[in-house]
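Welcome, and please take a moment to look over the model shown below. We will then walk through it together, one part at a time.

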Amino acid sequence: MALSAFGGGSSNERQQRAETMTDATVSEAELQVERRPRRWHIAVFLLPALVVYSAVMILPLFETLRLSFFNTVDGQSTFVGLRNFQTLFGDARWAADFWNALKNNFFFFVIHMLVQNPIGIALAALLSIPRLRGAAFYRTAIFLPTLLSFVIVGFIWKLILSPIWGVSPYLMDLVGLKSLFAPWLGKPNSALIAVSLISVWQYVGIPMMLIYAALLNIPEEVIEAAECDGVTGWAQFFKIKLPLILPAIGIISILTFVGNFNAFDLVYTVQGALAGPDGSTDILGTLLYRTFFGFQLQLGDRSMGATIATVMFLIILAGVSLYLFVIQRRIRRYQF
Amino acid sequence: MSKARTSLSRTALVHAALIAYTLVAVFPVFLTIINSMKNRNAIFRNPMQLPTPSTFDLVGYQTVLGQGDFALYFQNSLIVTVVSIALVLLFGAMAAFALSEYRFRGNTLMGLYLALGIMIPIRLGTVAILQGMVATGLVNTLTALILVYTAQGLPLAVFILSEFMRTVSDDLKNAGRIDGLSEYSIFFRLVLPLVRPAMATVAVFTMIPIWNDLWFPLILAPSEATKTVTLGSQIFIGQFVTNWNAVLAALSLAILPVLVLYLAFSRQLIRGITSGAVK
């Protein structure tokens with residue numbers, strides 16, 4: 001039932017869209033003094049993108065939001081209002097998993113903000129030093145992990161951190177820290193930190209590149225003026241450059257936020273769909289996957305899957321709105 | 001330039017820090033590749049050592065190439081990525097042209113509607129996307145993946161391309177109109193060739209997430225005939241966890257095409273990111 005509604009909805013939407021499109025062009029044409037003919041080409045240019053984007057992205061997104069208000073009662077899809085959310089937040093079977101995943105996801109995000117972005121900014125600051133030899137080489141090498149797929153990254157680190165292979169204990173022995181080695185991925189206390197740091201390792205290239213671009217855009221006169229006033233080195237970075245690249249830092253923060261609350265692949269490749277040990281690396285993406293598709297003994301549940309996707313949508317929407325309407329407006333921008 | 005900025009010890013420190021991080025970034029990849037070419041004993045006894053004539057062994061590669069259907073997976077990934085990029089570029093450029101060239105009612109609204117997808121990940125609609133694909137019989141076809149990736153790539157493509165199309169000179173387009181070119185010819189013959197650098201940037205941005213995606217192949221097209229390289233190696237490696245030679249060889253095989261492409265296009269890619277992304 002819901003399936004046919006989906007199909008019908010999309011074609012109706014298409015038709016309506018095409019109609020409003022021609023309406024717009026007609027009235028626009030009437031306003032024109034020189035009476036242009038109907039500008040069909042605008043519709044032709046826009047239509048393919050609009051159709052694919054609306055049918056595959058926007059409609060399913062809203063359909064998913066709608067499904068979160070329905071559940072199967074006596075084998076029939078019935079409107080249940082907010083009861084799915086009540087179950088997710090409060091029911092004994094669901095709530096523990098959900099709050100655990102949400103907490104882990106926040107922790108995942110906090111580690112990225114505290115480790116990935118500062119390292120990215122520091123690397124960008126070093127790379128942007130004028131006339132640095134080999135900057136292109138460093139840039140290329142440090143950006144490499146970002147291009148690798150999660151599968152490669154996940155398995156490589158699984159091997160390296162594995163106590164069977166002994167690469168990590170060997171390396172730690174070189175700096176005299178062998179006694180500190182532990183099978184981090186297998187311990188509930190450290191697994192989430194280890195997975196987050198693997199993700200940081202993979203993605204540090206993105207903040208590095210964006211900050212690097214922002215630093216290159218600072219005009220040389222500003223830096224020269226600072227030097228004339230005797231502001232150099234650390235002071236120059238923190239007092240002159242950092243305020244100028246704040247908008248770029250805002251962008252990498254929101255990109256990190258959206259990416260982290262949508263993450264799934266790395267946890268899935270490193271720790272599997274159960275996000276072990278003992279759910280300690282479970283984040284919203286893996287919870288959504290297990291809930292929607294089921295895993296081992298657990299059956300897939302479409303309505304609860306849609307409910308979790310809706311919660312993720314609301315979290316991301318809240319983050320993006322906070323950025324667009326509060327943070328971005330408060331940040332002072334300088335025009336050169 | 002002041003002395004403080006170029007003093008020797010300071011430069012040495014900077015290089016030391018950068019080299020240290022470069023090692024952190026590259027070492028795991030390097031370690032995987034050298035060990036994939038060694039025999040089992042050498043992998044465990046001396047993981048840090050380069051393969052020597054006595055430890056050199058390609059048994060891992062033989063296992064991988066003999067067992068998994070990697071040629072097919074590779075072909076699937078290639079088809080999906082290339083067709084999606086082509087559609088994103090064509091549809092994205094057309095929409096971007098309409099938005100930047102013509103004034104019509106709803107222009108701004110349309111731009112905002114298309115930009116929505118830059119921030120909201122398409123993954124959140126998975127539940128209904130799967131339903132739609134089941135209803136239209138597209139599950140386990142490459143078409144399903146192509147449609148999803150096209151929709152996913154369009155918002156950013158329209159956004160970047162319309163910024164660039166605003167910089168194409170109006171005089172040129174009007175000259176074309178006076179010479180009797182249709183709006184379609186103006187787009188395909190005048191504007192498209194001029195925004196080619198921007199198209200390359202968009203292509204790279206679109207390509208990476210598509211090639212590396214695990215979520216949609218896992219959900220929409222997990223059948224043997226439609227597996228992509230990413231999903232194929234995930235499952236293959238999962239089966240061979242105890243055969244270290246095979247796992248290391250499979251990882252190296254998965255890294256190599258990305259590595260070669262990256263080394264060939266890194267300048268283009270980095271220029272694209274540093275020039276187009278943040279303004």
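The end C-alpha atoms of residues 246–265 of chain B lie 29 Å apart, and this span is 100% helix and 0% strand. Helices here are DSSP runs of H or I with at least four residues, strands are runs of E with at least two, and both are numbered from the N terminus. Before going further, note that this is a predicted model: local features need pLDDT of at least 70, side-chain atom pairs count only at pLDDT 80 or more, and totals for chains, interfaces and linings use all residues. Residues are numbered from 1 along each chain as its sequence is written, while chains are lettered from A and ligands numbered from 1 in the order in which they are written.

The span 246–265 is one of those that an unreviewed UniProt entry lists as "transmembrane region" in chain B, and 111–130 is also among them. UniProt positions follow the numbering used here, feature names are shortened, and annotations may be inferred rather than shown by experiment. Over residues 111–130 of chain B, the chain is 70% helix and 0% strand, with 27 Å between the end C-alpha atoms.

Chain B is assigned domain 1 (3–57) and domain 2 (64–277), with bounds from an automatic or database domain assignment. Their C-alpha centres are 33 Å apart. Where the two domains of chain B touch, seven residues of domain 1 are in contact with seven residues of domain 2; contact means that C-beta atoms, placed from the backbone, lie within 7 Å. On the domain 1 side, α2(B) supplies the largest share, five residues.

Now turn to the two chains together. How many residues of chain A are in contact with chain B? There are 75, and they meet 73 residues of chain B. Helix α2 (residues 40–67) of chain A gives the most to the chain A side, with 15 residues. That side divides into 55 nonpolar, 13 polar and seven charged residues; Ala, Val, Leu, Ile, Met, Phe, Trp, Tyr, Cys and Pro count as nonpolar, Asp, Glu, Lys and Arg as charged, and the others, Gly among them, as polar.

Helix α2(A) also meets helix α15 (residues 302–330) of chain A: their axes come within 7 Å and cross at roughly 115 degrees. Axes are lines fitted to C-alpha atoms, for helices over the stretch in contact, and angles run from 0 to 180 degrees between N-to-C directions. Thr64(A), Leu65(A) and Leu67(A) of α2(A) meet residues of α15(A) including Ala306(A) and Phe313(A).
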